Amino acid sequence: SVDLEESDLLLKNLRDTLKKYPSDPVYHHIDRLLDFLTFCYFHKLKLNKKASEFFELVNEDIVKFLTYFNLNFFTALFLNMKMERYQRFDHEEKLFEENKQVIDNINFSTNNTAGYVVFTNYLALSAYYAGEYTEALKHINRLRGRVNIKKYMIADIDMKLFTALLYALTNEQDLCEQILGSAKRQIRIFNKKDVRNIRIFSKIVASTYKPEVYINPELKIRSYVKEFEQCNKNEFKVMQYLKLDEKFINKILSAAKIKI
């Protein structure tokens, strides 16, 4: 399309401009940001082959990229897109081991609250996909000890729902019920239709410790998952990077001790 051609030309012109000043220290740093923006552009268009080149350039330099720019540029967006990319290719379980190689070297400032929350969610989700639920909980609890996100209510609820899921998967029923109860109290101020997605996800998690209330618990859980996906599309969207696929359903069924 014309827009695509114009955008490609703009990115090329930007890159050509940077190349004219190889000794400029400012342009040298901007070069990596341009790689990031180019990756974002191709990733959003699902032009995966073109995105790969620029993804690798940023990913190979991820420690410097996340640390150097995180207070003046929303670098955490790269982590969201990296998660999307790995999910797109069904490689999300590889993230946990990959993170081990760099995590200790990343100095992500807690002063950047939004970025730090994204960073923590990325690490926790990576651990979740690897089946390392206790490790995922450690990341979340560490964040809660360092940053107060209560004033960001939907983000706070989103994290509580994920924490409740992790407690459910580690057979911590009491803790699971407590945190679900806290999330439910928070959404009382909203119109019920607006937060139906949150209430449905709470039911999915709660089904792990009381499946007997359903005549056919597996069928009910599957219907909840389908309903959640249908209504989780407004400004109160939660669990954005959680794949509600067959693996997820099997985890819920297993936690509920329902034979698969």
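R196 counts as partly exposed, at 32% relative accessibility (buried is under 20% relative accessible area, exposed over 50%, partly exposed in between, with a 1.4 Å probe and protein chains only). The model is predicted, so local features need pLDDT of at least 70 and side-chain atom pairs count only at pLDDT 80 or more, while totals for chains, interfaces and linings use all residues. Residues are numbered from 1 along each chain as its sequence is written, and side-chain values use heavy atoms, leaving out hydrogens and water.

The side chain of R196 meets that of E227 in a salt bridge (a side-chain nitrogen of Lys or Arg within 4 Å of a carboxyl oxygen of Asp or Glu). This pair links distant parts of the chain, 31 residues apart: R196 is in helix α11 and E227 in helix α12 (helices are DSSP runs of H or I, at least four residues, and strands are runs of E, at least two, numbered from the N terminus).

The whole structure has 11 salt bridges, among them these:

| Pair | Closest N to O |
|---|---|
| D35 and R32 | 2.2 Å |
| R222 and E218 | 3.2 Å |

D35 and R32 lie three residues apart in helix α2, and D35 is buried at 2% relative accessible area. Salt bridges link R32, D35 and D61 in a network. R222 and E218 are four residues apart, both in helix α12.

No disulfides are found in the whole structure (a disulfide is a pair of cysteine sulfur atoms within 2.5 Å). For C176, the closest cysteine sulfur is that of C231, 19 Å away, too far for a bond. C176 is buried at 0% relative accessibility, whereas C231 is partly exposed at 24%.
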